[in-house]
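Please view the sequence and the model first, then read the notes by topic.

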Amino acid sequence: MSGTKLYTFLMDWNGGTFISQFRGDNIQEATKGWLNQLSIEEIKTSERSLSLFKSSLQDDLQPIAIEGNTSVWCLSEFISGELAIINIIATLEK
């Protein structure tokens with residue numbers, strides 16, 4: 001995956017903060033990849049809740065650029081009745 005950009009995903013949900021990274025040629029590709037690899041162990045939820053969360057986001061996967069910032073986006077969705085806020089940041093590698 002040489003040449004792809006690195007993105008950091010910070011998700012606040014259900015009293016926890018879950019941080020992971022994923023690569024993609026652009027924000028949409030990275031977000032789709034991140035969502036597809038997200039696991040029940042990683043966010044400590046049920047398979048059913050994770051499946052509903054993924055299908056809900058995949059239907060309308062549009063990260064919103066955060067006004068006044070560069071290379072920062074946000075998504076939000078409900079998982080098991082709890083609001084998940086996902087901040088995405090393009091990450092510079094050393």
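A residue is called exposed when its relative accessible area is over 50%, buried when that area is under 20%, and partly exposed in between. At 52%, Phe78 is therefore exposed. The model is predicted.

- Strands of a sheet pair through backbone hydrogen bonds, in either a parallel or an antiparallel sense.

**Strand pairs and hairpins**

- Eight bridges connect S4 and S5, which pair in the antiparallel sense.
- Trp73 has Ile88 in S5 as its bridge partner, while Val72 stands opposite Ile89 in S5.
- Two residues lie between the strands in the hairpin of S4 and S5, where Ser80 takes a positive phi near 50 degrees.
- S3 and S4 run antiparallel and are joined by two bridges. Ile64 stands opposite Cys74 in S4.
- The hairpin of S3 and S4 has six residues between the strands, and Gly68 takes a positive phi near 85 degrees there.

**A buried residue in the helix**

- Thr31 is placed in helix H1. Is this residue buried or exposed? With a relative accessible area of 0%, Thr31 is buried, because buried means under 20%.
- Beyond its neighbours within four places in sequence, Thr31 is in contact with Phe9, Leu61, Pro63, Leu75 and Ile88.

- Asn87 belongs to strand S5 and has a relative accessibility of 26%, so it counts as partly exposed.
- With neighbours within four places in sequence left aside, the contacts of Asn87 are Thr8, Phe9, Leu10, Trp73 and Cys74.
- Asn87 and Trp34 are separated by 53 residues in sequence and by 12 Å in space, taken from C-alpha to C-alpha.

**The salt bridge**

- How many salt bridges does the model contain? The count comes to one salt bridge.
- This salt bridge joins the side chains of Glu93 and Arg23, at 2.8 Å from N to O. The pair links distant parts of the chain, 70 residues apart: Glu93 is in the segment after strand S5 (82–91), and Arg23 is in strand S2 (residues 16–24).
- Glu93 counts as partly exposed at 42% relative accessibility, and Arg23 counts as partly exposed at 26%.
- Side chains of opposite charge can pair when their charged atoms come close.

**The nonpolar surface patch**

- Phe78, Leu83 and Ile85 make a nonpolar surface patch of about 270 Å².
- Phe78 lies in strand S4, which covers residues 72–79.

Technical notes: Residues numbered from 1 in each chain as written. Predicted model: local features only at pLDDT ≥ 70, side-chain atom pairs only at ≥ 80, totals over all residues. Heavy atoms only, no water. Patch = residues over 30% accessible without salt bridge, like charges linked within 9 Å, V, L, I, M, F, W, Y side chains within 5 Å. Areas by Shrake-Rupley, 256 points an atom, 1.4 Å probe, with all protein chains shown as cover. Salt bridge = Lys/Arg side-chain N within 4 Å of Asp/Glu carboxyl O. Helix = DSSP H or I, 4+ residues; strand = E, 2+ residues; numbered from the N terminus. Buried < 20%, exposed > 50% of the residue type's maximum accessible area, 1.4 Å probe, protein only. Pairing = 2+ DSSP bridges. Contact = heavy atoms within 4.5 Å.
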